[in-house]
Amino acid sequence: LYCKKINVGEEEPRQIASGLRKHYPNIEDLQNRKVLVVCNLKSTNLVGFKSFGMVLCAVDSESGKTEIIDPPADAKVGERVFVDGVSGNALSSSQVKKKKAWRTLQPSLKTTEEALASWDGKVIQTSAGPCKAASLTGVQIK
């Protein structure tokens, strides 16, 4: 696991553990990189490290190839992503756990044929444009 601190636009960076070491063996590939983080999950202990979020990645289940979902370079740190036509407030971590929201929503997260991140077929965006994987198309986002 990589155990890192990620600036998500809060007062302090969040500690987040992710299983990306196998896919990004050079830590430099992750430093100063913008990523999408799911912030409203309950904290989890992973090998003695308390993790307060999850980095979203496109994952090819057949090959195991994994790519971080990248927001546009001009996206603002801490900006909440959106999907056109979907509105509302984010659920709290307690609500996510109680309603099993992540388990319900995650299967609808996929990349499009253009490698754009999408939920339920609608592109995930920032104010600077869509989020995307480097090359993986038509795969799950986890």
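Modeller: Asp120 is partly exposed, because its relative accessible area is 46%, and partly exposed covers what lies between buried (under 20%) and exposed (over 50%), with a 1.4 Å probe and protein chains only. The model is a predicted one, in which local features need pLDDT of at least 70 and side-chain atom pairs count only at pLDDT 80 or more, while totals for chains, interfaces and linings use all residues. Residues are numbered from 1 along each chain as its sequence is written, and side-chain values use heavy atoms, with hydrogens and water left out.

Biologist: Where does Asp120 lie, and what is noted about its phi?

Modeller: Asp120 sits in the loop between strand 11 (117-119) and strand 12 (122-126), where helices (H or I, at least four residues) and strands (E, at least two) are DSSP runs numbered from the N terminus. Its phi is positive, at about 55°, although Asp120 is not a glycine. Most residues other than glycine have a negative phi. The C-alpha atom of Asp120 is separated by 9.4 Å from that of Val83, which is 37 residues away along the chain.

Biologist: Which label, buried or exposed, does Asn32 receive, and why?

Modeller: Asn32 is called exposed because its relative accessible area is 86%. Asn32 belongs to the loop between strand 2 and strand 3 (37-38), and Asn32 also has a positive phi of about 55° without being a glycine.

Biologist: Why is Arg14 called buried, and what does its side chain reach?

Modeller: Arg14 has a relative accessible area of 16%, and therefore it counts as buried. This residue is part of strand 2 (residues 14-18), and its side chain comes to 3.1 Å from the backbone oxygen of Cys39. Beyond its neighbours within four places in sequence, Arg14 is in contact (heavy atoms within 4.5 Å) with residues including Lys4, Ile6, Cys39 and Phe52.

Biologist: What makes Trp102 partly exposed, and which residues is it in contact with?

Modeller: Trp102 has 24% relative accessibility, so it counts as partly exposed. Trp102 lies in helix 2 (residues 101-105), and, leaving aside neighbours within four places in sequence, its contacts are Val38, Leu41, Met54, Leu56, Val96, Pro107 and Leu109. Val38 is 64 residues from Trp102 in sequence, yet their C-alpha atoms are 9.6 Å apart in space.

Biologist: How do you know whether the radius of gyration of the chain agrees with that of a compact globule?

Modeller: The rule for a globule is 2.2 Å times the number of residues to the power 0.38, with the radius taken over C-alpha atoms. For 142 residues a compact globule would have a radius of gyration near 14 Å, and the chain has 15 Å, which agrees. The C-alpha atoms fill a box of roughly 40 × 35 × 30 Å along the principal axes.

Biologist: How many helices and strands does the chain have, and what share of its residues is buried?

Modeller: The chain has 2 helices and 14 strands, and buried residues make up 35% of its 142 residues. Of the contacts with a separation of 6 or more, 62% are between residues 24 or more positions apart.

Key: Polar contact = N/O pair within 3.5 Å; in protein donor to acceptor, adjacent residues only side chain to side chain.
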